[in-house]
Amino acid sequence: MDNKQKNWLRLAAQTFETAGCAPLYLVGGFVRDTLLGRDSDDIDLAAPGTAAQVIAASRRFADTINRVQNEWRASFLILDPENGVARVVFQQKEQLLYFDFAAFGQATTIEADLARRDFTVNALAVPLTAFLANNGVIQTQDVTDISGGLKDLQISLVRAISAQNLLDDPLRLLRGVRLKAQLSGATRIWQIEPQTLALFTQYAHLITRPAPERTREELNKLLLGADTERNLRLLDQTGLLTHLLPELEAARGCIQMPGHYFDVFDHTLTSVDRVEWLTTPPNNFFGLGRETVSQLDQPAAMVQFWPQILSELAASDHSKLLVLRWATLLHDIGKPPTKQIDAKGEIHFYEHNRVGAEITRSILQRLRFSNFQVEQVGLMVQNHLRIGQLGENFNPQNYSGISDKATFRFLRDTAPVQSEMFLLSLADHAAVDGPRIVQPRGKYGWWRHLVLTDFFARKLLGPEPERVVGKPRLLDGKTLMQELNLSPGPKVGYLLREIEEAQGGGEISTFQEALSFARQLLQRV
């Protein structure tokens, strides 16, 4: 924590003391993460006083910040007027920091306030004055711990404070698994206490009661955590997964064609693990089965633009990674409803990508995702077969067999998630063979798919002569209308799209060729 943030906390302490809402306590996730040595941009504070008093003091704090300095902008929001929960968001360019203030309410002491919380590691509090006096360091003797949270921190255990607290807000059932996912890492695997896990199972049917927006945020955090497959299986073990995503239930036991090692359900979760392996630095964390995949050719050694593909994910504040994880989880959601067995006993899933995209959009709309995210994930599910289909005639020795025009169409149709499509396709491929992928045939197939990925990555990210998309336009709409005496309308847009495709496919490369191509098209429309 830097000096500016400490000064803001000092100002908060003064403001709340003046308002008669003192002492302020640091609580919850901020205390937990600080004790674990984890950075946090979300500072939780609890204050004595009524809901109205705490909200008013929070507003006064934000107003004061905006008066005394102008590097950062402080915005004030009321999150829960009934319980006195308010947020002050500090923003400087793209950087955000959150101060969340909550009233004790009917819990007139900090001990009573902590007793209402979800898990023991979140039920820790430190007087703000003690934190500031120690220059932003938490001393364990200053921590109020009513439920053994400090010990659970040491042994990496998620433990519920009480069954009633889970019933008071059933979202806590999902949050417990998310917390395990979020806190686990390369050197520390968190566990959920058996009795707490039993409570999750007992009350799993209540998980649909919380607002969809809150559920979405918890699922997002879980999917962005470590060891995702194991945590999804833990959700499934308790019954939470298919209460949240009932469309997945039909995937369980849905047998696939002989080339697939797993049924649709296990293939799906294995794909999630494989995409985590692909997007996690080597040797940072290993989940289910990734020790098998680690024996194969590594993408970074085979795909020329692999660092750029991963850096795009990292640079997007997890938004692109989140789209990728959701698309991986739902990419085969259309298989169970489209399953057919022909007269020869062969299994088919005709149009499962199209049907799956429709189901995916329905799921994400139910969880109140933005329209942009719904369309991005749906686009990935719709097109997840195309790399494999285009690669059927691909020669990995000389990079032949796929025309530039077909490549252009694929990259155009999947914008702006082309790089994510590469990762989904690799994860899907790795999950098809399962443990068989380390056998000679599996290893060859994996090598070939990496070369195929390299081919598409060069066409997207390579130097201009090699790329098929993103080239400078040969002519614009205004010039096209002038040269061909056209009026504005859909015809102009059609011609420009056809010219762009012909350019990407290598059929034309100059202004005059583009103009001649457009004249020929006009004769046919």
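Predicted model: local features only at pLDDT ≥ 70, side-chain atom pairs only at ≥ 80, totals over all residues.
How many bridges join S6 to S7? Two bridges do, and the strands S6 and S7 run antiparallel. Residues are numbered from 1 along each chain as its sequence is written, and side-chain values use heavy atoms, leaving out hydrogens and water.

**The sheet**

Let's start with the strands. Here, helices (H or I, at least four residues) and strands (E, at least two) are DSSP runs, numbered from the N terminus. Two strands pair if DSSP finds at least two bridges between them. Seven strands make an open sheet with mixed pairing, in the order S3-S4-S5-S2-S1-S6-S7. At its edges are strand S3 (73–80) and strand S7 (144–145), each pairing on one side only.

| Pair | Bridges | A bridge partner pair |
|---|---|---|
| S4 (residues 85–92) and S5 (residues 95–103) | eight bridges | Arg87 and Asp100 |
| S6 and S7 | two bridges | Ala125 and Thr144 |

Helix H1 (residues 3–18) lies across strand S2 (42–47), S4 and S5, at about 25 degrees to S5. Helix H3 (residues 51–68) lies across S2, S3, S4 and S5, and runs at about 165 degrees to S3. For these angles, axes are lines fitted to C-alpha atoms, for helices over the stretch in contact, and angles run from 0 to 180 degrees between N-to-C directions. Contact means heavy atoms within 4.5 Å.

**A closer look at H19**

Helix H19 (residues 352–366) has 15 residues and reaches 21 Å from its first C-alpha to its last, close to the expected 21 Å. The expected span is 1.5 Å times one less than the number of residues. Which residues of H19 are buried? They are His352, Asn353, Val355, Gly356, Ala357, Thr360, Ile363 and Leu364. Buried means under 20% relative accessible area (1.4 Å probe, protein chains only), with over 50% called exposed and partly exposed in between. Their cover includes helix H17 (319–330), helix H18 (335–338) and helix H20 (371–382). Just after H19, Arg368 takes a positive phi of about 65 degrees.

Arg274 sits in helix H13 (residues 264–279). Is Arg274 buried or exposed? Arg274 counts as buried because its relative accessible area is 4%. Arg274 and Thr453 are 179 residues apart in sequence and 16 Å apart in space, C-alpha to C-alpha.

Thr407 belongs to helix H22 (residues 404–413). With a relative accessible area of 0%, Thr407 is buried. Leaving aside neighbours within four places in sequence, Thr407 is in contact with Ile402, Phe455, Phe456, Lys459 and Val468.
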